[in-house]
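Here is a short briefing on one protein chain. Start with the overall fold, then turn to a few backbone details.

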Amino acid sequence: MFLLALEREVKATELVTEAGQRYAAPAGVGPRRNIVAFSAICSHKLMYPTPQLSFIGPRAGRGSEPAQVIHCCGDQSRYDPAQGARVIGGPAPQPLAAVLLEWDRTADRLHAIGLQGGEMFSAFFEKYAFRLETELGAKARAACGPTAAVLPARAYSRQWQSCPA
Ligand code: FES
């Protein structure tokens, strides 16, 4: 999952999945309503960040693009995280799935409570079943616990694939 604090408040965005299902990508949360989260699985060929290498991740926007985009080096798809991670370039057929967040103002905690948009998990676990089981064993498909650590992207992957961006 990519958890991003963008420069500006993020409004909810009406989007559509590859299958034609309409949904509302959620608005930003937090004190500045600028925190959003998305699945880190590219909607094109399902590339995803690993501790060894990442082909997909946040980048600075270029030209008329927003200040920050999510770029996938696989086939150069680009997503706009300020608009529900809609596709702004490349062959990706649908936005990244949006993670529904709730912000607990009192405790200043974020809770991930669901997902909106085109879910790719079944296809992901099917495509990478062997690799995931080799790397993670029985816990490859285990549900995560009640809390999860958030790492800076650069700390999570040892190598960020450089590609024209
Ligand atoms: S796998 Fe991401 S653009 Fe093709």
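How many helices and strands are there in the protein? There are three helices and 10 strands, where helices (H or I, at least four residues) and strands (E, at least two) are DSSP runs numbered from the N terminus. This is a predicted model: local features need pLDDT of at least 70, side-chain atom pairs count only at pLDDT 80 or more, and totals for chains, interfaces and linings use all residues. Residues are numbered from 1 along each chain as its sequence is written.

**Overall build**
- Along the sequence, the pattern reads β-β-β-β-β-β-β-β-β-β-α-α-α.
- The radius of gyration (over C-alpha atoms) is 15 Å, close to the 15 Å that the globule rule (2.2 Å times the number of residues to the power 0.38) gives for 165 residues, so the protein is as compact as a globular protein of that length.
- Of the contacts with a separation of 6 or more, 52% join residues 24 or more positions apart; a contact means C-beta atoms, placed from the backbone, within 7 Å.

**Burial**
- Of the 165 residues, 25% count as buried.
- Buried means 20 or more other C-beta atoms within 10 Å of a residue's own, exposed means 12 or fewer, and partly exposed lies in between, with C-beta atoms placed from the backbone.

**Positive phi**
- R33 is not a glycine, yet its phi is positive, about 50 degrees.
- R33 sits in the loop between β3 (22–25) and β4 (35–38).
- R33 is partly exposed, because 15 other C-beta atoms lie within 10 Å.
- A85, also not a glycine, has a positive phi near 60 degrees.
- A85 lies in the loop between β7 (77–80) and β8 (86–89).
- A85 is buried, because 30 other C-beta atoms lie within 10 Å.
- G137 follows α2 and has a positive phi near 65 degrees.

Note on methods: Two residues are in contact if their C-beta atoms, placed from the backbone, lie within 7 Å.
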